[in-house]
Amino acid sequence: MEKESSLCDFQLYSHPDKILYTHLLNVGNKSASTSETKKLSFEKIGLERKTFTRIAYLIGICHDFGKGTGYFQKYLLEADPKRKRSLKNKKESHHGLISALFTYYILKKYIDGIQKEKELRYIPLIGYLAVKRHHGNLMDAEDEIGVLVEEDILEILELQINSLYKKELEDIYGQLLRRVEIFAEIDFFCKEEASIATELLKSRRKFRRFLKKETSTGYYLLTLIFYSILINSDKIDASAIETCTKEIRLSPNLVDKYKQAKDFCKNESGINQIRNEIYEEVIDKVEKLKLDKKIYSINVPTGTGKTLTSFSFALKLRARLKKERGINSKIIYSLPFLSVIDQNYAVFEDIFRIVEQKIPTEDLLLKHHHLTDIFYKTQKDEEFEGLKGLFLIEGWNSEIIVTTFVQFFHTIISNKNRSLRKFHNIANSIVILDEVQSIPHKYWLVLKQIISGFAAYLNTYFIFVTATQPLIFDPEKEEITELVANKEKYFKKFDRIKLETNLTPMPLEEFEVLLKKELIENPEKDILVVLNTIKTSLKVYNSLKDLKLVNSSYQYLSTNIIPKVRLERIKEIKEASKKRKIIVSTQLIEAGVDIDVDIVYRDFSTIDSINQVAGRCNRNSSKEKRGEVKLFLLKAERKEFHQYVYSSFLTDKTKEVFKESPSVIYEKDLLALNEKYFRKVKATSSEDESLELLSKINGLKFKSLSSDFHLIENKTGYEKLDVFVELDETAIKIWKEFLKIKALKKPFEKRARYLKIRKEFKEYIISVPKKDFFCEELEALNLGYIPFEQISHYYNFETGFSLKKESSMIL
């Protein structure tokens, strides 16, 4: 009987303090256990659940095979820092390619052994791709295989093969492969490495032809989930950071109890009655739905409680999936705007505080965006800050995650290692996409295919939440399940606003005169003016300020103002006041900011954007008279201002719809208006960009895909620069600390120190046109700086950044 090796027998290391065998075993086991928790449906491409788990295990135990070379061990154990850096840069010390080739060899043996070589013939290639880039970003599949024709690469592989510690590797894999009944012939692999590489190369052409015919996203999703499971398992073991992954129980009745505690159910008058009706109708669907339908819609008017309704539906669906399918679902609540994330997160936090008498810890309720506090606390009172806290936040292991569209969509369409670590946690989740109309129409098709793939292969459920439902999925073709069957009824019940459209182009100066006149004539009305550009918003704001109206408070909002002050102003606007409010803003006010005014003046935009701003007018039906939303087509000398911001295709469709409608439109007619608009967009929009992205998705062209997909685009046409505004004493302290951090030599220490100040640091950052700045050190820092003593030259406390035409900014 073969003697089993003990840890004392192993001499190879994966990390300075970790034996290679232990690391490979841990990563393999973590990969397998992660896979076992997922209920996936890759049977469509011949991959059963048990086989999936074993493949994940094999990828996990093979990923660092190349650390068993003399070159890597010499680099790892080198004590002199300078010598160590030199060894690290030598290609012979790298372990990705040789590990990937070994993974291909082992997976091929396994698949041949289970007689699935036809159905799963490309799985070894997927394993090769995942392992080759487990320390970097995924590249295009064809290029990754193509490196095996390069002579210098083959020479390095041969040197690495000759330096392998074969005897110890035989012992390591003799034990690791026992559970899958494979015998690893390390000596055979070493002798046949060239022929294995040739075989892999020959399969490239067949693989390319196969992917070209592939119309589903199955292989894309399969590659990413294997990659995600691997890099997550690897990083957890290497960092020794892991919290208890045991599922936290969530009551499906949390929102019901919250509504009762807040007396929401007792008030059956007006808008609350409608909110309760919608809530009951949606919740009533949970037990009646066919679980094979996985894409839902809640399309109801603004201000009707979509947040609580969708969250409650998700909680109850989660309970049903657990009971009937054995699926442990996370709830991912994703929104396009930071201000709304903080707003909705506060609602969820309040639910737990009131119903369960506790503040939820981060493993229960997590907020993730670029301004998130770097702090993570668990139910076991473990606390993590800095790099450890960031690592846990970015892993999305919490039960409920509140995050941005950028975080979500740039994870499902990405090649980035850091983003994709959480990809496997989207599988089996319930994803609420709030304000989904903000997704650019050019991406509708590609996102439809990706979301459909998540539903079909990864058993992920989606809830689209909006007052203006885009036609990503068509209800008439039963591509999406409407949770509010008779939504027309609810839209017709509202009479909060009327929309007056004036499509005659109007100079800004003429608009200012009209606006001043109406402000004077309506001394008690709260007013919101929304402009398309920062320049026009500043001009209008200063013009209205010059009126010096009594008993009036003026507020200005745009990205010209640092985030810290913006949030303070939004909070102030939302508070009750004895003074009438005059608010001038760019489009950022539309982003779900829960304010309520009497009259809105809006420069021309797209219908979904107009709907959003209309939702800030008489929102709670609390005004004595119907609210007014007045739409103007403002123009500069050369073109209309909306052309600087919006797609001309979308604004043309908006004009078409308005020209076919009365000049005064009431709220009950908005649903029909929206549907008409989105059908026009769907019928005549180009799908070229989506089709190009889909060809890259199906072709596993990860690098090309990631560089071509941008959910948020810079529509200004010029490059922007982040600038730190030293606005107050706190900013002065933060900037001093930042400079100390920049001077540190060790990258790890530098990053850890920066994470402690990151949230506060970014609260003082604005983005401005790079063309307005001049500095010799600009490229080195890639960051602008306005010192406190120069604030008056470049930053106005009321209106924000204000570079004067005659001056340049010296950093």
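The structure is a predicted model: local features need pLDDT of at least 70, side-chain atom pairs count only at pLDDT 80 or more, and totals for chains, interfaces and linings use all residues. Residues are numbered from 1 along each chain as its sequence is written, and side-chain values use heavy atoms, with hydrogens and water left out.

**Confidence**
- The mean pLDDT (the predictor's confidence in each residue, from 0 to 100) of the chain is 91. Of its residues, 94% reach 70 or more.
- Residues 805-811 have pLDDT below 50. Beyond near neighbours in sequence, this stretch has 20 contacts (heavy atoms within 4.5 Å) in the model.
- Where pLDDT is low, the predicted coordinates should not be read in detail.

**I497 in strand β12**
- I497 lies in strand β12, residues 497-507. Strands (E, at least two residues) and helices (H or I, at least four) are DSSP runs, numbered from the N terminus.
- I497 is buried, at 4% relative accessible area. Buried means under 20%, exposed over 50%, and partly exposed in between (1.4 Å probe, protein chains only).
- Leaving aside residues up to four places away in sequence, I497 touches several residues, among them A614, R626, Y666 and L670.
- The C-alpha atoms of I497 and N328 are separated by 43 Å. The two residues are 169 apart along the chain.

- β13 pairs (at least two DSSP bridges between the strands) with β15, residues 580-585, in the parallel sense over 4 bridges. V530 stands opposite S585 there.
- β13 also pairs with β16, residues 599-603, in the parallel sense over 4 bridges. Here V530 stands opposite R602.

**Salt bridges**
- A salt bridge puts a side-chain nitrogen of Lys or Arg within 4 Å of a carboxyl oxygen of Asp or Glu. The count by this rule is 50.
- K316 and D256 form one at 2.6 Å, N to O. K316 sits in helix α14 (residues 306-325) and D256 in helix α12 (residues 254-261), 60 residues apart. K316 is buried at 11% relative accessibility.
- E737 and R753 form another, with the closest N and O atoms 3.0 Å apart. E737 is in helix α29 and R753 in helix α30, so the pair ties together parts 16 residues apart in sequence. E737 is partly exposed at 22%, as is R753 at 25%.
- K653, E656, E660, K676 and K680 are linked in a salt-bridge network.
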